[in-house]
Amino acid sequence: MPDTEARLRRVLNTEAPEPGTIPASARDCLDRAYEAAYAEDNLGAVFMARAGLKRAAPVETETILALYSVLVAVSQLAGRHTDAEKYLRERIRVLKDAGQDIQAAVEADLGTLLFREATERDLPLLEAALEQLSEAKAPPAVLADLQLAVAVARSRNGTKPQALKLLERAVQGYAAGRRPDSLSGALMYLAHTYVMTDHPRRAIATADRLLSMPANRALLASMWLLKANLAAGSGEHDDQALEFALTALELYAACGVRKGAVSAAVVVARLCAAAGDGATSVLAWRAAVQQAERGEVHEELTLRLALGNQLLEAEEYELAREVLEKLLERQERANAGASNIARTLMSLGHAHRHCGNSADALECWRHAVSEFNAAREYAEASRALLAIGTLLSRENRGADALVCLEAATAAARKAKEDDTVLPQALHALGHALCEAGDPDGLSQLDEAIQIAREFGAHWYEADYSDTRARALWALDRGQAAVSAALHAADLYAAADDPGSACNAELFAAQVLAETGQTSEAVTIFRMVLDQPEISRPLVVAANMGLAGALDELGRTRAADRARRAAEEAADG
């Protein structure tokens, strides 16, 4: 995705916009004021709106009215209600001068209510005003203000279908009244309401209508992101979704709406990862982190963890380690909580392990166990202990590994919120005990198999049964191992995994060959080779096993044919 990569790098390398730069025209100041408001920069929005009023010519009535609307709305958000009322009086004066007496009267009557999100408590007053104005045949744009306010209040209390009809009427009213700024805002609200009421086609059509109009960058970006999420959600238009999300990211980043930019960057990152482009996904996560930092977005630390994990998936282990170590330092300084710290420690441990630093990996995971226990997240503590036990086992520290796996099983039994971790822990512990020559491991495996069966987890039942077969062989119980392996093969076949079924049959044949049951081994080797979906490595292994068994029976020609078949399969 070279174009995607180039565009992401431009976002990463572009400096944040200079807040003090004032556009030359009142209209551009208005757009910047809107963008600042969307970015939750109330001071910036007031600054730009005031600058716009200074630059506005007397004939720019609609722009002047919109600038006062921004000042009223933002002043309310900032808790400066006296300022809001002052700006509203100025707006009403402009309305009267422009001959818009009905609009002026409505705003004088309702005060600043029309310039904030109405609540359920406001509904009776708004509905009464809307009914009165409808009976008086008020202009469509005046009615639209009331329709929008009532729709917002109804949407907040869950009556979205009713809100939808009012929003559609408000859009018609603003269009008829030639109020483009009000129309674009209503279209944005309508598009999102269509999404929430499960009307994706209408949402896209509304977004496209808004995108065809002149509007500020934040508003346009919100529509591109809406379209990106809908396209990605369908699972059929990922290329389109990526283009839409990238456009949203560029627009949001350019106008400083950091939360929107973060959301868009995350969509880009996930789409790239799903397409198998790990490197570009990493760039998108970096953009998300950068935008979060610039906007002091609360989710910044969570995004950093996502970046670290994406770097792990992309096999950029040293870079992942650097990102995760810095994140851990910040989390500890910020008292980010035991659970969050533990998850970072788990990822950092994997980075260390891939970098060949086993001691550091073990230290991270042990610390993670402590943090997970402190947070009473026993399932995660169990998984951390399983990771430790697995690594210790690979380093031939079997006794230490067993201690960890026993602790993992004990933690899993306390994990009432997660049904999946106990069979995993029992499986690992049972296998390790049997490998160490302790037949008590079979009871652990039997319990894991029973749990999988009870939950209808057929593949896991097959997998645990396969492990039980190999555990029996480790305990020198060959005949039982063969029987268990063939049973596991049947379970794999029933779970729609013919490849694993062949593997289990191959293991049974190898045990038969090693225990002197050569004729039976030949039968099973040939049964494996007769399977239609057998992989090339299995063809090689089965033919080599068959050749050895045939040699034992003195059937040298047949053995040579099997060896040649193995060589041909190995050569491809």
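Student: At roughly what angle do the axes of α12 and α14 cross in this predicted model?
Tutor: Take α12 as residues 217–234 and α14 as residues 258–274; helices are DSSP runs of H or I with at least four residues, numbered from the N terminus. Axes are lines fitted to C-alpha atoms over the stretch in contact, and angles run from 0 to 180 degrees between N-to-C directions. These two axes come within 11 Å and cross at roughly 30°.

Student: Are α12 and α14 roughly parallel or antiparallel?
Tutor: Angles under 35 degrees count as roughly parallel and those over 145 as roughly antiparallel. The crossing is at roughly 30°, so α12 and α14 are roughly parallel.

Student: How many charged residues are in the contact of α12 with α14?
Tutor: Contact means heavy atoms within 4.5 Å. Leu225, Asn229 and Ala232 of α12 meet Gly260, Ser263, Ala264, Val267 and Leu271 of α14. Ala, Val, Leu, Ile, Met, Phe, Trp, Tyr, Cys and Pro count as nonpolar, Asp, Glu, Lys and Arg as charged, and the others, Gly among them, as polar. That gives five nonpolar, three polar and, for charged residues, none.

Student: Now α23 and α24: are they roughly parallel or antiparallel?
Tutor: Helix α23 covers residues 441–454 and helix α24 covers 458–474. Their axes come within 8 Å and cross at roughly 165°, so the pair is roughly antiparallel.

Student: Which hand does the crossing of α24 and α25 have, left or right?
Tutor: α25 is residues 478–494, and its axis crosses that of α24 at roughly 165°. A crossing is left-handed if the near helix is turned anticlockwise from the far one by less than a right angle, and right-handed if clockwise. For α24 passing α25, the crossing is left-handed.

Student: Which element gives the largest share of the lining of the second largest pocket?
Tutor: The largest share, four residues, comes from α16.

Student: What should I keep in mind about numbering and confidence?
Tutor: Residues are numbered from 1 along each chain as its sequence is written, and side-chain values use heavy atoms, leaving out hydrogens and water. Local features need pLDDT of at least 70, totals for chains, interfaces and linings use all residues, and side-chain atom pairs count only at pLDDT 80 or more.

Terms used: Angles under 35 degrees count as roughly parallel, over 145 as roughly antiparallel, 65 to 115 as roughly perpendicular and the rest as oblique.
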